[in-house]
Amino acid sequence: MLEKLKEIIVNYVEVEPEQITAESRFVEDLGFTSFDFMSMLGEIEEEFDVEVDQREAAGLRTVGEAAEYLGKL
């Protein structure tokens, strides 16, 4: 899940996949804006055929938290 998430993340911010770790924070480390984050969530919903709860997603701060959350869907 983490590797697929990295592939999606690089479509939204200027960062190399190998620079992304489970501890990487979306805003502080990767430079996501709220628009980037919401756009990425839309792509994740399509890619994994899941529905992401916007309130729960707002609490996801790191790539690892997002991967864990998606693994539960």
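Which residues of α1 are buried? In this predicted model, the buried residues of α1 are Leu5, Lys6, Ile8 and Ile9. Seen down the axis of α1, these residues fall within an arc of 160°, so they line one face of the helix. That buried set packs against α2 and α4.

**Helix α4**

Helix α4 covers residues 63-72, and its buried residues are Val63, Ala66, Ala67, Tyr69 and Leu70. They fall within an arc of 165° when the helix is viewed down its axis, so they too line one face. On the other side of α4, the exposed residues are Glu68, Gly71 and Lys72. The buried residues of α4 are covered by elements that include α1 (2-9), α2 (34-48) and α3 (54-58).

Met40 belongs to helix α2. Is Met40 buried or exposed? Its relative accessible area is 1%, and buried means under 20%, so Met40 counts as buried. Apart from neighbours within four places in sequence, Met40 is in contact with Ile8, Ile9, Tyr12, Phe26 and Phe32. Met40 and Asn11 are 29 residues apart in sequence, while their C-alpha atoms are 8.4 Å apart in space.

Ser24 sits in the loop between α1 and α2. With a relative accessible area of 7%, Ser24 is also buried, because the limit is under 20%. The side chain of Ser24 reaches the backbone nitrogen of Thr21 at 2.9 Å. Leaving aside neighbours within four places in sequence, the contacts of Ser24 are Gln19, Asp29, Leu30, Arg61, Thr62 and Val63. One of these, Val63, is a buried residue of helix α4.

**Cavity and pocket**

Rolling a probe the size of a water molecule over the atoms shows where empty space is left. How many cavities of 30 Å³ or more does a search of the whole structure find? The search finds one.

| Space | Volume | Lining residues by kind |
|---|---|---|
| Largest cavity | about 40 Å³ | nine nonpolar, no polar, no charged |
| Largest pocket | about 150 Å³ | eight nonpolar, two polar, two charged |

The lining of the largest cavity consists of Phe26, Met40, Leu41, Ile44, Val52, Leu60, Ala66, Tyr69 and Leu70. The elements giving two or more residues to this lining are α2 and α4. Buried residues of α4 take part here, including Ala66, Tyr69 and Leu70. Met40, described above as buried, is also part of the cavity lining.

Which residues line the largest pocket? They are Phe26, Val27, Glu28, Phe32, Thr33, Ser34, Phe37, Met38, Ala57, Ala58, Leu60 and Arg61. Helices α2 and α3 each supply at least two residues of the pocket lining. The largest share, three residues, comes from α2.

Some residues link these parts of the description. Phe26 lines the largest cavity, lines the largest pocket and is in contact with Met40.

Conventions: Residues numbered from 1 in each chain as written. Predicted model: local features only at pLDDT ≥ 70, side-chain atom pairs only at ≥ 80, totals over all residues. Heavy atoms only, no water. Buried < 20%, exposed > 50% of the residue type's maximum accessible area, 1.4 Å probe, protein only. Helix = DSSP H or I, 4+ residues; strand = E, 2+ residues; numbered from the N terminus. Arc of directions from axis to C-beta. Contact = heavy atoms within 4.5 Å. Polar contact = N/O pair within 3.5 Å; in protein donor to acceptor, adjacent residues only side chain to side chain. 1 Å grid on protein atoms, 1.4 Å probe; cavity = no way out; pocket = protein on both sides within 12 Å on 5 of 7 lines; lining within 4 Å. Points joined across faces, edges and corners; volume = space filled by probe spheres on them. Nonpolar A, V, L, I, M, F, W, Y, C, P; charged D, E, K, R; others polar.
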